[in-house]
Each structure stands twice: as structure tokens, then as C-alpha cells.
Amino acid sequence: MSACTQLGRSTAAVDEDVVVFLIGMRINHFWAVHRWIPVFFAMPMMLRELKKDRGLGLLDHILGTASPRSYFVIQYWESKDKLLTYAALPDKRHRPWWARINKLLRNSGGHVGLWHETYVVPAGSYETIYGDMPPYGLAKAHGMRPLKDGVQARDRLSA
């Protein structure tokens, strides 16, 4: 998909359930670098693996920070099943890293925090609007289409 700005109002080109996975970390003690740096670098390795093999189900992701302490990734997946399958595959990076990170967290003394949230959002229960934007978020993951004039949020959410 192009990163060019799409003039006008548009929406994500998706009419089915969507899967959104959020994961993040919080550095509780900056000085304990040896405790949080492995957690910090684990996700980019997994994202590179997922980008190389699109069949695993990751459609797109957004990296973000909420503060100098907090970092997160928003991920858009093809399906809940593909997300759960990837998480359990023994020959992919997630499973061994998850075991390693759990061990690090148990022994970290609270130096680093980790969280994740998974949402399976039924069709008709989400709305997207982008004004003069390149494809972003759900629209980058699923494609973008013009927003129909005269259609209200209430109509889009009940479709």
C-alpha cells in the first residue's frame, strides 16, 4: 500500500471481525538496564520474523511510546487463530522468548513490567475515519476506501 496521503475522508476497507493485539513494557528502574534491555529488544525480533512470513497472520503494526518509560506495539492480525497459533509455534521466536522473558520477569525484582491485551472486535462494532491521511492503523492493515457522503457514525457502527 502507498504511503501517499489520501485526500478527503476515508475508512478502513474491512467488513469482518478484526483482531487487535496490544503489547508493551514499562521500565520501572532505568538503572537496571540488564533487566529491561532483553525485553525491549525481543519484540522487534519477532516483528521482523512476522514481516518476513506474512502467512503467519500479522497484517501490520504500529510502534509507540507513552513516556520515556513505556513502549508498546499495536498489532493487527488476520484472525485470532493465527495470533494464537504463532504464539505457540515452537520453531518461531515468540515461544522461546516468552519463556525467557517470563524467567527474566520473575527474577527482575520489579525492574521491568510487561502487559498485553487482545481484542476480537465483531464486524459492525468498530468505526474508522481518516481525513487527508495515508493508510494508517486498521486501514493500513486491511486497505482503505472512500467514506460515503451522508453516512453517519451510527450507520457505520450498525452495519
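## Aromatic pairs

W77 is buried, and Y86 is buried too (under 20% relative accessible area; exposed is over 50%, partly exposed in between, with a 1.4 Å probe and protein chains only). The model is predicted: local features need pLDDT of at least 70, side-chain atom pairs count only at pLDDT 80 or more, and totals for chains, interfaces and linings use all residues. Residues are numbered from 1 along each chain as its sequence is written, and side-chain values use heavy atoms, with hydrogens and water left out.

A search of the whole structure gives four aromatic pairs. Rings of Phe, Tyr and Trp (its six-membered ring) pair if their centres lie within 6.5 Å; planes under 30 degrees apart are stacked, over 60 edge-to-face, and the rest tilted. W36 and F40 form an edge-to-face pair, 6.3 Å centre to centre with 80° between the planes. The two residues are four apart in helix α1, so about one helical turn separates W36 from F40. W36 is buried at 12% relative accessible area. F40 is partly exposed, at 30%. W77 and Y86 form a tilted pair: 6.1 Å centre to centre, 35° between the planes. Ring pairs also link W36, F40, F41 and Y71 into a cluster.

## The largest pocket

The largest pocket has a volume of about 540 Å³. A pocket is an open set of points on a 1 Å grid over the protein atoms alone, where a 1.4 Å probe fits, with protein on both sides within 12 Å along at least five of seven lines; lining residues have an atom within 4 Å of a point. The volume is the space filled by probe spheres set on the points.

The lining holds 29 residues; I23, G24, M43, V73 and Q75 lie nearest the centre. Elements giving two or more residues include β2 (18–27), β4 (70–77) and α3 (94–106). Helix α1 gives the most, with seven. Helices (H or I, at least four residues) and strands (E, at least two) are DSSP runs, numbered from the N terminus. By class, the lining has 22 nonpolar, seven polar and no charged residues.

## The open sheet

Three strands make an open sheet, in the order β6-β1-β7, with antiparallel pairing (two strands pair if DSSP finds at least two bridges between them). Strands β6 (130–133) and β7 (144–146) stand at the edges with a single partner each, so one side of each has no neighbour in the sheet.

Three bridges join β1 (residues 6–12) to β7. In this pairing, A12 stands opposite M144.

Conventions: Ala, Val, Leu, Ile, Met, Phe, Trp, Tyr, Cys and Pro count as nonpolar, Asp, Glu, Lys and Arg as charged, and the others, Gly among them, as polar.
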